Amino acid sequence: MTRTLRATAFLGVITLALAGCGGVGGGDDDKGGTATSGALSTMGFGFSDEIATTRIDAFKRDHPDVELKVTEGAFDEQQFLSAVASGNPPDLVYMDRKLIGTYAKRGSIQPLTDCVKEQDIDLDQYRPAARAQVTLDDTVYGIPEFSTVRVVYLNEGLLKQAGMTVDEVNLADWAGLPALNAKLATVSGGRLSRIGIDPKIPEFLPMWAKANGVDMLSADGRTAHLDDPKVVEALTTGVNLIQQQGGWGKFKSFRDTFDFFGAQNPLSKKQIVAWPMEEWFLNQAAKNSPDVELVVKPFTDRQGKPLTQSGGQAWVITKGAKNPDAACAFVKQMTATDTWMAAAKARVDARKAAGQPFTGLYTANAEADKKIFEELYQPTGNKRFDDAVATIRSVQDVAFALPASPAAAEFDKAYYDAVNRVLAGQQQPAQALQRAQQEATAALDKAAK
């Protein structure tokens, strides 16, 4: 499972020279040659569940001469860059795909051209949106893992209390959102006790902008469109929904109490009615609160056409990796169809033993997903969850992703900061996004030199 990781500034960090165009090679173990061996270290990954442990165990089984050291914990940008600058980096790093372009440009990670060739990694098996995010200037720098997509979650029980049906919730009708939000939210005496609509900004601003017909970043990742009037309109729409519900301070304070990973999640506690979110929450809901009145619908553009944003993590091999051959073998096996199948089987067995439903596994490997759903997935018998699974699968192929960019982290920071200034009441949307456009453009221009 993945989570959105915010990029931070790179002040004071040494810019490294670009790696050679050939990049890291792979070992020969998968071709019947000499097996990989030696120490292999990772950063940014952890043994969070059976999906992780099953795949790690598979690698250890097939590469007994590799001494694998997994340093658990979230990716730490400063720690990573400091390790690279010192000449003692981990071999592998697990990071958000949207950051890869920045690190590729800085030379902190290696091209995987030789790795892909020597390990015979089939890049066509990965979803186009995920593949594009790990490719800068036609060079692959990462191997994608999960594929998160965003859908709309609805609490049908609360909608019924409001005298509404699921079909009456139309997030594509921006003009009607304030009235809908007022009907669904519970705000009394300035206190918010139930969120009507959570627009999920700044995280989901690119999706709202795309729904309004504009890409915040050009397809080549080199031109920002943050001050486009359609982006301004998207931000204004989202901010107004939050202002209706007591303002950002109260809204965020209330939302920060939510536990999306337990039985006391905001769905079961009736704390929220409608919101876009990643598909992984369905898995948590099925596990922790299978009796909730949940309905999942596609997010759509303003014309009602299904739309979703793809994200996720990827494995990269660092500049200065001491065991690139083992690292290459590792990234292949961790994302291979057979490995994903073994992990999915472990999840199915674990859920069955606990009397809980299996709602699928969603990876960047389209071939693996197809096999998982053909051979392992069985309808749960709960129509709500079965319909939700169908919805998630239907939008995987219409997903877009922010393109790889040589200044991806700086671009991210520019629009996040802009949204936060607006939410804090420091600037109006147009003013904030104009400043963000200037900041992003300066970073992109610098990266291009």
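Is cysteine 328 buried or exposed? Cysteine 328 is buried, with a relative accessible area of 0%; buried stands for under 20% relative accessible area, exposed for over 50%, and partly exposed for values in between (1.4 Å probe, protein chains only). This is a predicted model, in which local features need pLDDT of at least 70 and side-chain atom pairs count only at pLDDT 80 or more, while totals for chains, interfaces and linings use all residues. Residues are numbered from 1 along each chain as its sequence is written, and side-chain values use heavy atoms, with hydrogens and water left out.

**Disulfide**

- The model has one disulfide, a term applied to a pair of cysteine sulfur atoms within 2.5 Å.
- Cysteine 115 and cysteine 328 form this link, with their sulfur atoms 1.9 Å apart.
- The link joins distant parts of the chain, as cysteine 115 is in helix 4 (residues 113-118) and cysteine 328 in helix 12 (residues 324-334), 213 residues apart.
- Helices (H or I, at least four residues) and strands (E, at least two) are DSSP runs, numbered from the N terminus.
- The link of cysteine 115 and cysteine 328 is right-handed, with 100 degrees about the S-S bond.
- Cysteine 115 is also buried, at a relative accessible area of 0%.

**Helix 1 and helix 12**

- The axes of helix 1 (residues 50-62) and helix 12 come within 10 Å and cross at roughly 135 degrees; axes are lines fitted to C-alpha atoms, for helices over the stretch in contact, and angles run from 0 to 180 degrees between N-to-C directions.
- Helix 1 and helix 12 are therefore oblique to each other, given that angles under 35 degrees count as roughly parallel, over 145 as roughly antiparallel, 65 to 115 as roughly perpendicular and the rest as oblique.
- Helix 1 passes helix 12 in a right-handed crossing; a crossing is right-handed if the near helix is turned clockwise from the far one by less than a right angle, and left-handed if anticlockwise.
- In helix 1, Arg55, Ile56, Ala58, Phe59, Arg61 and Asp62 meet Ala326, Ala329, Phe330, Gln333 and Met334 of helix 12, where contact means heavy atoms within 4.5 Å.
- The residues of this contact comprise seven nonpolar, one polar and three charged; Ala, Val, Leu, Ile, Met, Phe, Trp, Tyr, Cys and Pro count as nonpolar, Asp, Glu, Lys and Arg as charged, and the others, Gly among them, as polar.

**Helix 9 and helix 16**

- Helix 9 and helix 16 (residues 408-423) pack at an angle of about 40 degrees, and their axes are 11 Å apart.
- The crossing of helix 9 and helix 16 is right-handed.
- Leu235, Val239 and Ile242 of helix 9 make the contact with Val419, Val422 and Leu423 of helix 16.
- The contact of helix 9 with helix 16 has six nonpolar, no polar and no charged residues.

**Loop residues**

- Asparagine 212 lies in the loop between helix 8 (205-211) and helix 9 (229-244) and counts as buried at 10% relative accessibility.
- Leaving aside neighbours within four places in sequence, asparagine 212 is in contact with Trp174, Lys230, Glu233, Ala234 and Arg302.
- A cis peptide bond, with omega about 10 degrees, joins isoleucine 201 and proline 202.
- Aspartate 120 has a positive phi near 55 degrees, although a residue other than glycine, and is exposed, with a relative accessible area of 59%.
- Lysine 270, not a glycine, has a positive phi of about 60 degrees and is partly exposed at 37%.
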